There are 2 protein chains.
Amino acid sequence: MATANVTIANPPKKDNSILRFAIPIIIGLIIYFLPPPTGVEVEAWHLLAVFVATIVGIIAKPLPMGAVAIIGILMSSFVLPGSNKEALGTALSGFGNGTIWLIVMAFFISRGFIKTRLGERIAYLFMAKLGKKTLGLSYGLIATDLVMSPAIPSNTARGGGIIYPVLRSIAGAYGSEPDDGTAGKIGSFLVKASFQGLVITSAMFLTAMAANPLAASLAADNAGVEITWGGWALAALVPGVISLLFVPWLLYKMNPPEIKETPEAAAIARKKLAEMGSVKPSEWMMLAVFVLLIVFWVFGKQLGGIDGTTAAVLGLALLLITRVLTWDDVLKERGAWDTLVWFAALVMMASQLNSLGLIPWFGDQMGTLVSGAGWVVAFLVLSLAYFYSHYLFASNTAHVSAMYAAFLVVAIAAGAPAMLTALVLAFFSNLFSSMTHYGTGPAPVFFGSGYVEMSDWWKSGFIISVVNIVIWVGIGGLWWKVLGLW
Amino acid sequence: MATANVTIANPPKKDNSILRFAIPIIIGLIIYFLPPPTGVEVEAWHLLAVFVATIVGIIAKPLPMGAVAIIGILMSSFVLPGSNKEALGTALSGFGNGTIWLIVMAFFISRGFIKTRLGERIAYLFMAKLGKKTLGLSYGLIATDLVMSPAIPSNTARGGGIIYPVLRSIAGAYGSEPDDGTAGKIGSFLVKASFQGLVITSAMFLTAMAANPLAASLAADNAGVEITWGGWALAALVPGVISLLFVPWLLYKMNPPEIKETPEAAAIARKKLAEMGSVKPSEWMMLAVFVLLIVFWVFGKQLGGIDGTTAAVLGLALLLITRVLTWDDVLKERGAWDTLVWFAALVMMASQLNSLGLIPWFGDQMGTLVSGAGWVVAFLVLSLAYFYSHYLFASNTAHVSAMYAAFLVVAIAAGAPAMLTALVLAFFSNLFSSMTHYGTGPAPVFFGSGYVEMSDWWKSGFIISVVNIVIWVGIGGLWWKVLGLW
C-alpha cells in the first residue's frame, strides 16, 4: 500500500516539475530561433534568449535560484562572443563585481549580530524604553530592525532571525496564541506591524536587502545613474521615516489589538537584559565595526576615497582578526554564497546585454514609441505597473531582475528624469512586498506564524501599499526635488 | 581553581598567536618601507610587500588561510594602482578566473561520489577483484583513489572520505588495531601504502589536488607555459603508473605486514556489494557525468573547443538537474568556497606582480646572476631545494604559492627548458608531501589513525621521496623527451 501511496503522491509533482523545466527552455528556444529585429546583433539576441530563459527559470523555479543561475552561466558561455574559453571568461566576470562583494561581505558581517546576540540586546533595549504600550512595542521592534538594516542585507535574517523570535515570546507572554482565538489580543497586530516595518526598512538602505545593489547596478549599467550608499540613504530618509511612523499607527487604528497597555513587556525586556549581563567584548567589537561601516559608507568619499566594498572587507577582516567571527562562520554562511552565484549571473548578463547593444537599441525603439505621451503619465503608469505586478512574484530578486532595467529604460525614453525613476523603481522593489504572504523572504515566516488571517494580510497589505506609494512618490518626490535629484 | 587553570592554559597560546600575527605584519612593513631596487615601480614593490606578508601569514597561520586571503585582498586594494574603487576591482578580479572555477566546480561534483556512495562501491569492486592478498588489497585501494582522482580535487576528501574508512574497516576485520601491538598485522602497511598512493595520484591530474591549477596558472602567468588538463595527464601517465606500482611493493618489502593473504577481504567486499544492491540511478548519473568530464577534459579541443571549466559547469548543471546533488549540497560544500577565496587572492596577486613588471624584472636579474652555471645543475639544485623545503610546510598550497613562481623563473633564467621545469615543479608540489605527517591535508588523517610510528612514517617517507624523484625526473624526463615537451 505504501507503494501505491507513493505512486499517487508523485505524478502531479513530477508533471509540475517537468512543466517548470519546460517553460523556460521553450521560451528561450523560441526567442533564440526568432530572427533578431533590425539593428540587433545575433549575439546580443541569443544572449537575450538565455537571459529571458534564466529569468523565467528563476520565476518558474524548476530548481533553486542559484542552480538556475549556474545553468544561465553555462548557456551564456555558449552564446557570448569569442572562443568558448573567452566566452566563459566573460560569463564568469560577474564574480569579480565589487557591488556583489559588498552584499556578500555584508552577509558575513551580519552573522555577527546574531552570533554575539547584539541584535537581541538591541531589541530588548528598545522594548525596555518603548514597550509600555502595544503601539510603542511595535515601534521598538521596528527601531531594532531599522538600526540593524544597514548591515544585514537579508531581510529574512533580520525578520526571522532577530525580530520574529522576540515578537513571538512577547505575544506568548501576553497569552496571545495563533490558534485559540487569542491572536487578536496582541500577536496579530505585532506581526503585521513588524512585517510592514521590515518592508519599509528594506527600502531605506542600499545594503538592507539583497536585491537593492542589483537595482543600483542595473541603473548604472542601463541608465548611467550612479546610486551611492549615502545617496540612497539620504533619498530614502524622509519618506522612510514617515512611513515607519505612520504605517504601524494606521494598522493599530484599522484593527486595534485587544491589549493596549503592556507594562510587563518593558519588565520582561529589563529582565532579559539583566540575564544577558554587561556588554561582552565581542558585542563591543561588533558595534565598533558596525559604526565604522556606516561612517565609511556615508563619508567614504571624504575619508580618502575608500570604496564601500573596501570598507565592508575591512569590517569582515576586523571581525575575523578579533575572532568575533571565525573563518568557519564565513564558510557556513550559505545565504552569502547563494547570493554571490545568482547575483554574478544576473549582473553579468545585464551588463553584456548592454555592451552588446541590446539595451541601447531597446531604449531607442521605446523612445520613438512613447515620444507622444507626457513623461509624468508614462512614469506613473510604468511605476504602478511595476509595483502591482508583484502580486505575480515570489521574490524581490526575481522581480528586479525581470523588470527593473526594462521599465527604467522605457520611462527614461519617455522623458522621465533618470535618477528619479531609478530611485522610485528601486524603492518600489522593496515596498511592493507589502501585499502578499509570499512576495519576499520574511513574508512566509511572519504569515506562517498563523497570527494573521489571509484575508486580513492581503487587505491590510493592499492598503499599506497605497499609503507607501503616496508617501514615497508624493512626499519623497518633493524631498528629492529639494535635494536636487531631479 | 578553574580560573587558575584557564589563566595557566591561556598565555602561551595567546603569546604564540600575537607572534603569528606580528611576523607577517613586520615582514610586510619592512619590505614596504625599503626603497624598491632600480627598475622596480613603487606600486609593484608595495604589492610585493602585501604578497610576501600574505604568504608568510598563510604559513604562520594566525588565522585560517581564507581569512588571511581576505586581509590580503584588503591590503591589495590599498596598494594597487588607481582609485580605491579601481584597485579593489583589480583585487577582486581573481574571483572571475576560469581556472579557479574549474577547481570549485570539481569540488561540488566530487560531493556526488560520496553522496551517491559510488566511491564506496568502486572501492569494494576493486577489493573484490584484487583483495585476496595484502599487497593486492593495497593496489585495490590505490586503484579506487586513482579512478576518482581526476574529479576529486581535495585529496583530503578522497583519502579521509572514501579510502580511509574502507581501509579502517578491513584492518579492524583482520584484528589489526593501532594501540594493542597488532598494528603490524596489516593496518600499518595499508595506511602507508594508501597514503603514499594518494600523494602520487594527486600529482597525476590537474584536478586531483587543489593547488595543481594554482601551479598551472603561475606557470602560465610567469613563464608563458600553458599546461592543459590533457597535457598534464599525459606527462604524468608513465612516471605516475610506475610510481603507483613500485611504491606499495617497496613498502611491502621494507616492512612486510604479518598477514599476507586476505581471502576474507574479497569476501567482505562481495558482501558489502550485495548489501548495496544494484547500481542506483543516481550512481549511474554520477558515473555518466564523470565520464563526460574526462572526455571533455581530454578531447575538449576536438569537441568544438569546449573549455575545461565549461565542461565542469556542464557536469554540475547535469547533477543539479537530475537532482543527484541539490543546490543546498553545493552551498554546504565549504571546501569549495574556501578554495575560491584563497585561490582568488593568490592568483590575483601573482598576476598583478607580473603585469606590474616585478616578475619579469626578477627573471632578468636572476638570468644575469646564474648565467655562468649550466642549466642542468641549476635545475637540479633548484628542484631539489623546492622538494625538500617541504619539511617546513604544512600545506601544498602554502608551498606552491610561496615558492613555485620564483623557482620556476630562476630555473628558466638559468636556461632550463620552461615546460620541463614547470612540470617537474608542479609534480614535486604533490610528491613532496610523502615525507611528513603534516605536509598535506590527508597526512594527519592517516597518521592520526595511530597505525604507524612517527619514526617509521618519516623514514619510509624519506625513502619514497627519493624513489619518486628518481622515477619522475629520470623516467619522466625520458618520457617527456619522447613527447617532445623539451
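Predicted model: local features only at pLDDT ≥ 70, side-chain atom pairs only at ≥ 80, totals over all residues.
## How the two copies are related

The same surface serves both copies, since 100% of the contact residues of chain A recur in chain B.

## The interface

The contact draws 44 residues from chain A and 44 residues from chain B. Between the two chains an area of about 3900 Å² is buried, and carbon and sulfur atoms give 76% of that area. Within chain A, the residues A:Ile70, A:Trp327 and A:Arg334 supply 16% of the area that this chain buries against chain B, which is more than any other three residues supply.

Charged side chains also meet here, and four salt bridges are found across the interface of chain A and chain B. In one salt bridge the side chains of B:Arg334 and A:Asp328 meet at 2.6 Å, N to O. B:Arg334 counts as partly exposed, at 34% relative accessibility, and A:Asp328 is likewise partly exposed, with a relative accessible area of 33%.

## Two helices

Helix H11 of chain A covers residues 229-254, and at 1.5 Å a residue its 26 residues should span 38 Å, which agrees with the 35 Å between its end C-alpha atoms.

Helix H6 of chain B, residues 118-130, has 13 residues and reaches 18 Å from its first C-alpha to its last, close to the 18 Å expected at 1.5 Å a residue. Several residues of H6(B) are buried, among them B:Leu118, B:Gly119, B:Ile122, B:Tyr124 and B:Met127. What covers the buried residues of H6(B) includes the helices H5, H7, H8, H12 and H13 of chain B.

## A buried loop residue

B:Thr207 is placed in the loop between helix H9 (187-204) and helix H10 (212-223) of chain B, and this residue is buried, with a relative accessible area of 0%. Leaving aside residues up to four places away in sequence, B:Thr207 touches B:Leu102, B:Ile103, B:Ser149, B:Pro150, B:Ile152, B:Pro153, B:Trp229 and B:Trp297. B:Thr207 and B:Thr309 are 102 residues apart in sequence, while their C-alpha atoms are 11 Å apart in space.

## Salt bridges within a chain

Over all chains, a search of the whole structure finds 24 salt bridges. In one of them B:Glu261 pairs with B:Lys133, the closest N and O atoms being 3.4 Å apart. B:Glu261 lies in the loop between H11 and H12 of chain B and B:Lys133 in the loop between H6 and H7 of chain B, so the pair ties together parts that are 128 residues apart in sequence. B:Glu261 is partly exposed, with a relative accessible area of 48%, and B:Lys133 is partly exposed as well, at 47%.

In another salt bridge, the side chains of B:Glu283 and B:Lys280 meet at 3.1 Å, N to O. Here B:Glu283 counts as buried, at 0% relative accessibility, whereas B:Lys280 counts as partly exposed, at 33%. In chain A, salt bridges that share partners join A:Arg121, A:Lys280 and A:Glu283 into one network.

How values were computed:
Residues numbered from 1 in each chain as written. Chains lettered and ligands numbered in written order. Heavy atoms only, no water. Contact = heavy atoms within 4.5 Å. Helix = DSSP H or I, 4+ residues; strand = E, 2+ residues; numbered from the N terminus. Expected span 1.5 Å × (residues − 1). Buried < 20%, exposed > 50% of the residue type's maximum accessible area, 1.4 Å probe, protein only. Buried area = accessible area lost by both parts, 1.4 Å probe.
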